[in-house]
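This report walks through a structure one part at a time. Please keep the sequence and the model in view while reading.

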Amino acid sequence: MLAGGVQRFSIADGPGIRASIFVKGCPLCCAWCHNPELVAPEQQILFNPTRCIACLACTEVCPSRALSVRDGALRLERAQCSSCLRCVRECYSSALRAAAESVSVAELLERVLPDKAFYRATGGGVTLSGGEILSHPDFARAILRACAAESVPVALDTCGYGDYDLLRELAAGCQIILYDVKLMDPAAHLRYTGRDNRLILRNLTRLARSGCAPIRIRTPVIAGVNDDAGHTAALIELLRDLRLPEIELLPYHELGTTKNAALGRPVPEFAPPDRETLAAIAAGYEAAGIRVI
Amino acid sequence: MRDRVVFLKKRMLDAKPSLSAERVLLAREAYTRYAGEAAPLFRAHVFAHVLEHMTVLILPDELIVGNQSKRQRCVSFHPEYMSARRIHENLTEFVRRDTDPFVLPDDERRLLDEHLPWWYGRSTEDRMETILPEDVQQARRQALITIGSRTMPSSHTMPNHRRLLAEGLNGYIARCEAHIAATVGGSREAQEKINFWQAAIIACRGAIAFAARLAALAEAQAGTEPDERRRRELRRIAENCRRTPAEPPRDFYEALQFVWFIHLMPHIETNSAGNGLGRFDQYMFPFYGRDLAAGRLTREDALELLQCFYIKTSELLPVRTTEDAVKFAGYPMWQILMVGGVDIDGADAGNELSYLCLEAQEEAQLAQPAIGMRVHPHTPEALFRLGLRMIQKGLANPAFFNDKVSIPICLAKGGTVAEARDWAVVGCIEPHPGGGVSDASPTAGYVNGLKCLELALHNGVDPRTGMAAGPATGDPRSFTGREDLIRAVETQLRHCWDLVVKGYNRVVPHHMLEWPVIFSSLIMEDCIDKGRSIQEGGARHSYTGTFFCGPASVTDSILGVDCAVFREKIVTMDRLLAALDNNFAGEERLRQFLLNRAPKFGNDNPEADRVCRDLMVRSSEYVQSFDDARGGRYCLSNLSQTLNVLYGEYCGATPDGRRSGEALSDNASPVNGRDLLGPTATVNSVASLDQVNTYDGTLFNLRFDSCGVRGDRGLDLIGAVVKTYFDNYGQHIQINVVDDATLRAAQREPEHYRGLVVRVAGYLAYFTDLDRKVQDNIIERTAHLKST
């Protein structure tokens, strides 16, 4: 299983103190994604030049000559790179890192169990995040089973783009579903994420009506993309229709930009909403009787 | 907060710490007058003479009175402890230095120039320079160890407040008189006891005379005071000072004044720091409860009085040599006031005063006293959350202490079940059997753990000087695995503990025979019954503190060698040693390997945690097998204060990737910036140290960035971290919630951040009082939940 690793003391992905497990590979490709290294299913290399000490050990081990020095600085030709990771093994300063590591369910469990007492004390647990967990059915089932056997509650963080039966099956064993709704307008959704949102909304509707697990809707708030009244109004209508009590607003942040640069990609130019707009959006939900987290 | 408290606090903070010559003159008079008396009597006379003649102050609007020295926040020298020659040579530096500077008025300076030379050669410090063996002295010079009680008495006291409040000092005098009457003289032993009892009577009478002088002053001030309300207050102050500390107090206000007198006396008697206020909410509650029930006192009045009391504790200052001021930066006095915990029957002991003690600090936000909240499984959630709320606000007060670890420690230290349940901190974080039975933890010495690692890597030679500094533990090039290195480090450590014990054992008898501290002794249990000072083992239990600096740095270094040389074999021992000796010049790749590839303590890595635990447990077992000359059990503390910064300057580059001169790990915490998995992992690592073995406690600093712990949810998070740490047998945790931006701003514009309080080690300090280097070190402490 390729995983982006485990983040302990994760306190922004569900209730309490949690550990987030990040899987690699997502059917969506959101332009603002803050985990761009976890979108593609295959291994990738992240290069952070500020950490490079120019020891050039990597250039000596690269079998495909993807690494070279130009003007005293290291360059990575991604077209030539086969992600064999030999350079990463040689890079002691962690300037070159693998976007994901190959780990088993047992190994992941070993990393999240030491914090069990913290989960218990705060009503926390493990959050399966990504990437998109629905793209990894076998892994999802296995980790859910393993957590259940250790009495560790699990939250699912999903974009909803996947097989409904799988979603339903997983949800039944979860503490809470963190369900992302990024854009209500289908055309805009397609433009910004590369996918239509009909499947996402249909799955959400079915899941909510099934009542098999609590659902918390999460929506990113990005200036000029979805911080308009139209998106908010449409989402309020959906939440009321499905009788979902709460929404979590995730204002855009620039954490992902450094990772885009490390992937050799152009850095997307988005901005968080201004304070007043965010407050107005929150007030809109509150006025409609929806709790804002 | 009432206007009076706002005013008193501002006046206290505005008062620049200053020096006075008064005590130097008064003590000289006493030395001349009482020369030739037996030591206990002589010491008591000096104490009483100072009390009878020093300036007494009652400042406008004060309710609790009694001053340490001539002005507010002013300190006098004790040239019988600190070398007068050294004080004299340092006077200019005291004024100019960055860390803990003092103001010295010209007239005081002239008096000191005149009188200090008379004191040359008369201090404990002068004596210690002549009696410490050469190998101990050399180890001190090599920054390998320190030896304590050289420039101050061997005392950290925590009196039996309950008994004092019940009997008054007149009751103590009566007991001494009864002992004298019942003792038939005629033997050396009997006469020594009689001397002690007579000395105790002199000391008590000195304290009573001091209070009487304050009473007279209050009456005089009342005579000329135009304001009717203040006139009434002054008359009440006069009444309080006539009654206490001679007689038992009758109400909460008198009791506070009484406790203040008892707390102040050791600070006039000697230059000691680390005198604890003990379980304040326990021994004060009866007075509070009675007054409240009788309608004599309101909660608000009690809060104001408590805050006045806190401001008095904030006035107490130590004067330290510049070297010591760097080790213990921020004028710390370690006046720990305990709240909460279990009672002697094991039930929750919290009461309304526990809350009030916290609320008083929540409002007043002073660096003293540092509040220690004892936590046990049945601590009321409301009390715990009040403490958390203060932490969340960034007050860095209270620190949390775990009954579940501290009580077993006190049992292991020889306390009875009741004494162990009544435990309190004496010193910084050291748990001791309570009820005034423990003469606790005078500092025997600190050991520079990382220097021991350096010696192990250089076959006992200090690479900084090229001189032999430890036993020859073998050429590291012949080591075949981690265990060889660990054995060598432990041999070096044991050698250091031996030197500390050897040095301190020489120190103790001199305090015993020539510098017994009488008032500080008589307030401790069993000293009067035995007729002996604490320096002679008069207290029921005696302990001696030793301190291990930098265990995480040592651990990471061992693992660095193991990983690079023995396991991954990326470098030979020879080349690693050369890289260290050259401070990694041209070896940055190796340094990056050591930094990023070797396991590090503080990341919940069982292997790293085990290495650190073994170091601590084995050191504890070794040190704690010794007793000093007064019968004091040596106890180990996982604690460095701010000595980790100074000791780092003496250590070359180390195999944890640390460059030459950089600080050691802070107290029991991981090395700054090397705990990368968040606070839960850090907490798990520190909790795994099997802390119950380390009898003088394990000091754990954790810092949260303020934006990560807002609101009720933030409170839950901090609370869960504390509770889980305690469930996993952590002994102590103190949390700073403050963001880097605030600390940096305070560095730039100190005048705007005078009130910013941080926990430096086991104490609180005003951040702007700290030396720049220490400030930087605090900022570097890994801030968890930093916003991104």
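This is a predicted model: local features need pLDDT of at least 70, side-chain atom pairs count only at pLDDT 80 or more; totals for chains, interfaces and linings use all residues.

## Strand S1 of chain A

Strand S1, which covers residues 2–10 of chain A, has seven of its nine residues buried, and is thus described as mostly covered.

Within S7(A), Ser102(A) is the bridge partner of Leu2(A).

## Domains of chain A

The domain assignment divides chain A into domain 1, made of residues 2–41 + 100–292, and domain 2, made of residues 45–98. Their C-alpha centres are 32 Å apart, and the contact between them takes seven residues from domain 1 of chain A and six residues from domain 2 of chain A. On the side of domain 1 of chain A that touches domain 2 of chain A, three residues are nonpolar, one is polar and three are charged.

## Overall form of chain B

Chain B contains 31 helices and 18 strands, and its C-alpha atoms fill a box of roughly 80 × 60 × 55 Å along the principal axes. A compact globule of 788 residues would have a radius of gyration near 28 Å, and because chain B has 26 Å, its value agrees with that expectation.

Of the 788 residues of chain B, 62% count as buried. When contacts in chain B between residues at least 6 apart in sequence are considered, 78% of them join residues at least 24 apart.

## The largest nonpolar core

The largest nonpolar core holds 327 residues, among which Ala200(B), Ala203(B) and Ala207(B) touch the most other members. Helix H9 (residues 188–224) of chain B supplies the largest share of this core, 15 residues. Domain 1 (2–41 + 100–292) and domain 2 (45–98) of chain A both give residues to this core, and it therefore lies between them.

Leaving aside residues up to four places away in sequence, Ala200(B) touches Tyr172(B), Cys176(B), Ile518(B), Leu522(B) and Ile528(B).

Note on methods: Residues are numbered from 1 along each chain as its sequence is written. Chains are lettered from A and ligands numbered from 1 in the order in which they are written. A nonpolar core is a set of buried Ala, Val, Leu, Ile, Met, Phe, Trp, Tyr and Cys residues joined through C-beta atoms within 7 Å. A residue is buried if 20 or more other C-beta atoms lie within 10 Å of its own, exposed if 12 or fewer, and partly exposed in between; C-beta atoms are placed from the backbone. Helices (H or I, at least four residues) and strands (E, at least two) are DSSP runs, numbered from the N terminus. Domain bounds come from an automatic or database domain assignment. Two residues are in contact if their C-beta atoms, placed from the backbone, lie within 7 Å. Two strands pair if DSSP finds at least two bridges between them. Ala, Val, Leu, Ile, Met, Phe, Trp, Tyr, Cys and Pro count as nonpolar, Asp, Glu, Lys and Arg as charged, and the others, Gly among them, as polar. The radius of gyration is taken over C-alpha atoms; the globule rule is 2.2 Å times the number of residues to the power 0.38.
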